[in-house]
Amino acid sequence: MSATLINGSVIREEILSELRAETEKLKAEYGKVPGLVTILVGENPASMSYVTLKIKTAQSLGYNEVQDSRPPDMSEEDLLSLIDRYNKDDSINGILVQLPLPKHIDEKKVLNAIDPDKDVDGFHPVNVGRLMIGGDEVKFPPCTPAAIQEMIIRAGVETKGAEVVVVGRSNIVGKPIAIMMMQKGPGANATVTVVHTGSKNLDAHCLRADILIVAAGVPGLVKPEWIKPGACVIDVGVNRIGEKISKKTGKTIAILSGDVDFEPACERAGFITPVPGGVGPMTITMLMKNTLKSFKYSLGLL
Ligand code: NAD
């Protein structure tokens with residue numbers, strides 16, 4: 001293997017310790033900590049474990065974490081008034097509604113009801129608009145794209161003038177990371193191409209990329225020969241390709257693979273993120289970063 005591994009677990013620990021130190025400093029100075037509420041409707045097991053991870057991370061940073069779990073038959077009206085209550089609560093800086101919601105609730109309506117200044121996921125149309133404008137206008141960059149950009153920066157990869165190719169055009173990864181990479185500023189200022197299911201010659205586009213960001217959800221989509229020698233490859237894909245028994249716990253766990261054929265890709269790429277252990281561990285970290293940012297806005301520090 002010749003590529004340098006961009007290790008998401010290591011970068012996560014670096015960022016979390018920075019956030020912890022800043023939280024302690026602000027607490028000493030202002031006597032307050034960031035407040036984050038996680039609203040979970042129903043008992044979807046995947047959602048429950050994801051929410052637990054968010055709660056544990058927030059607690060480890062010293063945030064005030066409020067877990068608000070509601071029954072699956074909660075009405076849309078009640079959920080909207082709950083959000084309204086947290087919108088008005090000064091001790092809460094970030095509001096997270098865990099998706100998916102039960103079928104009788106309109107997700108779009110619910111997400112749009114969150115105060116954009118507490119929307120630390122960055123999914124509200126106001127925050128999408130702010131991202132598009134760029135610069136100081138951006139309050140909360142969406143977490144997975146923010147994670148990708150942070151990893152590129154911390155790996156020391158030059159982005160100014162770089163050819164960036166993004167595979168995938170989803171609202172949560174492909175589109176926002178493409179916008180972020182083309183804005184002026186650190187970790188950006190690149191020339192960006194977005195390819196998707198309607199694109200021709202995927203291989204030729206990928207081969208031009210100095211930085212190749214793949215978020216398609218198709219295991220092994222990007223072949224090693226599509227990678228420009230020395231390129232930085234960010235594999236966002238998380239695909240369950242089987243199951244195995246964990247040696248540690250004896251429990252059945254998923255075998256995960258990315259969208260890039262990892263082993264042979266390492267022979268061509270200059271930098272590469274593994275799956276698991278790449279972008280995955282970073283997303284919640286960026287959520288915590290946005291929550292601290294929201295707290296700092298509330299203190300008038302930003
Ligand atoms: P999505 O299904 O919403 O979008 C996938 C995009 O890829 C689409 O825009 C589609 O046009 C494109 N695409 C699919 N097949 C293609 C093909 N054969 N050729 C070209 N383009 C193709 O998915 P998403 O939500 O953006 O997620 C993408 C992947 O990233 C998934 O594997 C998901 O699990 C993973 N993901 C990981 C994280 C994380 O690690 N934190 C976060 C979000 C998503």
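This report describes aromatic contacts and a nonpolar surface patch in one structure. The model is predicted.

**Aromatic pair**

A search of the whole structure finds 1 aromatic pair. The pair is formed by phenylalanine 140 and tyrosine 297, whose ring centres are 6.3 Å apart and whose planes stand at 85°, so the arrangement is edge-to-face. Planes over 60 degrees apart count as edge-to-face. Phenylalanine 140 belongs to the loop between helix H5 (125-133) and helix H6 (143-154), whereas tyrosine 297 belongs to helix H10; the pair therefore ties together parts that are 157 residues apart in sequence.

The two partners can also be described by their accessibility. Phenylalanine 140 has a relative accessible area of 2% and is therefore buried. Tyrosine 297, at 23%, is partly exposed.

**Charges over rings**

Tyrosine 297 also has lysine 139 over the face of its ring. A charged residue, arginine 85, likewise lies over the face of tyrosine 86. The table gives the distances.

| Charged residue | Ring | Distance from the ring centre |
|---|---|---|
| Lysine 139 | Tyrosine 297 | 4.4 Å |
| Arginine 85 | Tyrosine 86 | 5.3 Å |

**Nonpolar surface patch**

Which residues make the nonpolar surface patch of about 270 Å²? Tyr30, Leu301 and Leu302 make this patch. One of them, leucine 301, is found in the segment after helix H10 (280-298). The relative accessible area of leucine 301 is 37%, so this residue is partly exposed. Patch residues have over 30% relative accessible area, and the value of 37% for leucine 301 is in keeping with that cut-off.

Terms used:
Residues numbered from 1 in each chain as written. Predicted model: local features only at pLDDT ≥ 70, side-chain atom pairs only at ≥ 80, totals over all residues. Heavy atoms only, no water. Patch = residues over 30% accessible without salt bridge, like charges linked within 9 Å, V, L, I, M, F, W, Y side chains within 5 Å. Areas by Shrake-Rupley, 256 points an atom, 1.4 Å probe, with all protein chains shown as cover. Salt bridge = Lys/Arg side-chain N within 4 Å of Asp/Glu carboxyl O. Helix = DSSP H or I, 4+ residues; strand = E, 2+ residues; numbered from the N terminus. Buried < 20%, exposed > 50% of the residue type's maximum accessible area, 1.4 Å probe, protein only. Phe/Tyr/Trp six-rings, centres within 6.5 Å; stacked < 30°, edge-to-face > 60°. Lys NZ or Arg CZ within 6 Å of the ring centre and 35° of its normal.
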